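Hello,

Here is the structure I promised to pass on to you. Please have it open while you read, and my notes on what was found follow just below.

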Amino acid sequence: MVTRRLRSTLATCTALAVLSLASGAAAQQATQPQTDTTLKPIVLKGKRVKAGDPESTPLATQTTEAQIENKQIRSIEDLGRTIDPGVNFSRATNSLNIRGLEGSRVTTLVDGIPLTYLRDNARSNNGGADAVDFFALTTVNVVKGGDSSRLGDGALGGALLVRTLEPEDLIGEGKDWGGKVGTGYDSMDKSWYGGAAVARKIENTSIMFLGTYKKGHERQNHGSVGGFGPTRTATNPADYDQSNLLFKLRQDTESGHRFGFTAERFSTEKDIDLRQAQTLTGTYRPGNHESGEENRRTRVSLDYEYDAPSTDGLIDAAQATLYWQRQERALTQDSFRFTTVPGVYTRDNQIEEAGVGFTGFLDNNFRTGTVDHVFTLGTNLFLSRAEQYSAGVDSCPAAPPYVGVFAGCAMLHTNQADMPDVDSTKIGIYAQDRMTFGDSGFSLTPGLRFDWYDHSPRNTPSFTNNASNPSMPGGSQDSAFSPKLLAEYQLNDDVTLFAQWAMGFRSPTATELYLSYGSVGSYASIGNPDLEPETSSGFEVGSRLGDDNFGGSVNFFYTRYKNFIEGRNLTAAEIIARGLNPLDYQFFQQQINLSKVEIFGAEFSAHKRFDSGFNVRAGLAFTRGIDLVNHTHLASVAPVKAIVGAGYEAETWGVDVLWTGVGNVSYKSSATYKAAGYGLVDLTAWWEPEQVKGLRINAGIYNLFDKKYWDALNNKSTTVPAATADYYSEPGRTFKLSLTQRF
C-alpha cells in the first residue's frame, strides 16, 4: 500500500509547486497587462516526429495535450469514447483493445519504452496499459494493425504510444520557467485528483517535476439493490488511491545533441468490500471478506536525442534510451471463512517483471538520382526477470487427505510459485528506407525487422513447493523476420492515398510457457514450453483527406493470424497422451497453439470547422474476427461503434455535444453474454475567464439521458444472471468538472 511518507512527500511537493507557480504568475500579471483574450492552441514544442519514431506512419492517429484536457480524458476508456471509436479498454482483462486484440497482442510504449502485459491467469491477476497517468502526457498516438517492423514483438493488433511532458511543453516562448496545476472531480467513481507540473530552464539546462494524486471509490452502475449476498446489484464498495511522480533533467548542446535523465513512479492501490459474496450463513459473512489490487510501475532512464544542425552530416537524427523498469501487480484477499476451510483466509498473489533495456534508432537522409531517401536503422534490447508468487494463511492441513470441512483444500494452493523465475532476453534489429520519387508525390517504404527471444527458467524453492509437483521445464527460444511494404501517393495537398502489407510477431510470455497450477483431485492449468510464436500477415488500404479544418480518413484492413496461443481444456485422449489419468482432474487446461484467425474491418472519420465557430465530426469503427478452426466469432472483438459530435467555440467559451452508438452482439460467438446495443449522449462545455490568464474550466454531463447499458468487452467471459444483470451494467448519468491553470 502507499505509505504515509509517500503521500506526505507528494502533497508537500505539489503544494510547493503550486505556491511557487502562483507567486510567479501574480508577479508576471502585475507587470504584463492582459491585452489578448483570444483562445490560443497549445503548441507542441517538444520533439518533432522523426522517421524512426513508431508514430511516423499514416496508420497512426494523434491526440494532443490540448485535446486530453479539453475532452477531460483521464483513461483509455475516455479516449475511445470521445476521440477514437476504434480504441477500447476491457476491464475484464485490464487491457487495451485494438481491432479485437488485447493483452500481450497489443503494445504500449511510454516514451518509447515498452510495457509488459502481466498475466497470471491462475490467480486472475492481469494488466499493463492501465499504469499510465494521463495528466502527465503531451501526446497519445494510436497505431492500428500489426507492423512488427517498427513496433516490435507483440504488436499484432496495434500499439498505444504515449509521450510524457517535456520541460519545453511547459515553458512558454520568451520565458525561462512555466508550469501547470490542475484538479478535477468525477462523479462516476466519486474521485478527485490534483496535479502540478513545473519546469525551469537555465541556459541550456532544463528541469521538470510533476506530481499527481487521485483518490476515488467504486465505479457506479445502474444497480439499486444494496445489502449483502448474490441479490445485490449495486457495485461493491471500494476505495482507491493513485499517484504518479515524474522527474526530467535535460541538457541541450549547440551541436544538436540533447542528453537527459528521467525517473517515474506510478502506483495504484484499491480495497474492495466483496459484499455480493457475503451472506449470513455462507462461507463469507458480512464484514469478513475483502480484496485488494495493487499496480505499480517504476522506471529510470538515460535519454539521448540528436537533430543535426545541418544536412551535410552522416546522421540527420537519432534517439536512444537506456532504461531500467519494474512492473508489479498484486491481487490480495483478507477474509474469514465460516464453513468450508473455516478460519482466517488471506492471499497475496504477486507477479512482476523487472529488467534493463535499450531502444534507439538513427535516420540518414540522402539522394540517389531523383529519389530522396530517409534510411532508418534501429534496435531494441530487453534483459528481464519475471517472478510470480502466492503467499497466504489458511487453516488447511499441511498435507492431504483433505476431508470434511477441509475438502476444499484440494483446490487451494498457496505459499508457492506457480512458475519458476524466468530470465528473458529479447533482441530486435530493424531497418527501413522511405523513398520519395522526385515530385511525383509517390513514396515507397520497405522495412524489415529481425526478432530473437530466449526464455530461461530457473528453479526456486517456492516453485519446488508447487502442489502440482511440476518437473523443471526447458527453455524456449525462437526468431522471426517481419517485413513490410508501405506505398503512399499524395494526390494533391489535401489527399494522400496509402497501402501497406506488414507482418506481425509475438513471442510466448513466461506465464504461457511455464505457469503450472492445480493438483490431482482438483483441476490443472498448465503452461506449454513448446509453444510457437504467434504471427500475422495484414493488408491495409486507405486515405488521409484535408487538414485540421476540413478532412477525414478512410481505412480498410484484413489480417490473418497463425498459431494463436489459447488455454483449452484437453480431451481425455490428450490427457492420457501426456501420461496422466483424466479421472484425476475435474478438467485439465493447457496453453496450446490453437487457432487460425482472421480479422477484417473498416474505419472512417470526418470533421469540419466553420468560420462561424461551429464544428462537426464523426467516426466509425467496424471490426469482425473469426476463429477459422472453430468457425466462431472472437468475443474479444468489440461491436461496431460510431461517434457523432457537434460544437461551438467562441473566443473564451465553447460547448459540445457527442453521441456514441455501439451495436449489439448478435453474431455467433464464444461469449457467454450477448450485450445489446446502446446510444449515449454527452454534453460538455469549457470557459476561459478573461480575468485570469491561463485558467481553463471544463465541465461535462455524461450519459445525459441516464441510459442503462452493458459493455460486451467487460462481460465477454461472464455469466450474467437475468435477476442481477444490473450488477454488470455501466454507469448512468455522471458529471466531470476540471480546472487547469497554466503559468
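Predicted model: local features only at pLDDT ≥ 70, side-chain atom pairs only at ≥ 80, totals over all residues.

Y185, W192, V657, L683, I701, F735, L737 and L739 form a nonpolar surface patch of about 640 Å². Strand β35, which covers residues 734–742, gives the largest share of that patch, with three residues. Another member, W192, sits in strand β12 (residues 191–202).

**The overall picture**

Now zoom out. The protein has eight helices and 35 strands. Along its principal axes, the C-alpha trace spans about 80 × 60 × 50 Å. How does the radius of gyration of the protein fit a compact globule? For 743 residues such a globule would have a value near 27 Å, and the protein has 27 Å, so the two agree.

Of the 743 residues, 52% count as buried. The accessible surface comes to about 31700 Å², and carbon and sulfur atoms hold 58% of it. Among contacts with a separation of 6 or more, 69% are between residues 24 or more positions apart.

**A sheet to look at**

Strands of a sheet pair through backbone hydrogen bonds, either parallel or antiparallel. In this model you can find an open sheet of five strands in the order β1-β9-β10-β5-β6, with mixed pairing. Which strands stand at the edges? They are β1 (60–64) and β6 (113–114); each has a single partner strand, so one side of each is left without a neighbour in the sheet.

Further in, β9 (residues 137–144) and β10 (residues 158–164) pair in the antiparallel sense over seven bridges.

**Salt bridges**

R163 also leads us to the charged pairs. The count of salt bridges comes to 51. In one of them, the side chains of D53 and R163 meet at 3.6 Å, N to O. D53 is in the loop between α1 (4–31) and β1, while R163 is in strand β10, so this pair ties together parts that are 110 residues apart in sequence. Are these two residues buried or exposed? D53 is buried because its relative accessibility is 0%, and R163 is buried too, at 10%; the cut-off for buried is under 20%.

A second pair to visit is D130 and R329, whose side chains meet in a salt bridge at 3.1 Å, N to O. This pair also links distant parts of the chain: D130 lies in the loop between β8 (125–127) and β9, R329 lies in strand β17 (residues 317–337), and they are 199 residues apart. D130 is partly exposed at 23% relative accessibility, whereas R329 is buried at 9%.

R449 and D451 make another salt bridge, at 2.9 Å, N to O, and both of these residues are buried. There is also one network, in which salt bridges that share partners join D111, E166, E168, K248, R250, D252, R258, E264, R297, R299 and D303.

**Loops and backbone details**

Have a look at T283, in the loop between β15 (257–273) and β16 (284–307). How far apart are T283 and A263? They are 20 residues apart in sequence and 45 Å apart in space, C-alpha to C-alpha. Apart from its neighbours within four places in sequence, T283 is in contact with F336, R337, F338, T339 and T340.

Most residues other than glycine have a negative phi, and most peptide bonds are trans. Here are some places to check against that. The peptide bond from P400 to P401 is cis, with omega near 15°. P401 is in the loop between β19 (371–393) and β20 (421–437).

K190, which is not a glycine, has a positive phi near 50°. K190 lies in the loop between β11 (177–186) and β12 and is partly exposed, with a relative accessible area of 44%. D706 is not a glycine either, and its phi is positive at about 55°. D706 is found in the loop between β34 (695–702) and β35, and at 32% relative accessibility D706 counts as partly exposed.

Enjoy exploring!

Best wishes

Conventions
Residues numbered from 1 in each chain as written. Heavy atoms only, no water. Patch = residues over 30% accessible without salt bridge, like charges linked within 9 Å, V, L, I, M, F, W, Y side chains within 5 Å. Areas by Shrake-Rupley, 256 points an atom, 1.4 Å probe, with all protein chains shown as cover. Salt bridge = Lys/Arg side-chain N within 4 Å of Asp/Glu carboxyl O. Helix = DSSP H or I, 4+ residues; strand = E, 2+ residues; numbered from the N terminus. Rg over C-alpha atoms; globule rule 2.2 N^0.38 Å. Buried < 20%, exposed > 50% of the residue type's maximum accessible area, 1.4 Å probe, protein only. Contact = heavy atoms within 4.5 Å. Pairing = 2+ DSSP bridges.
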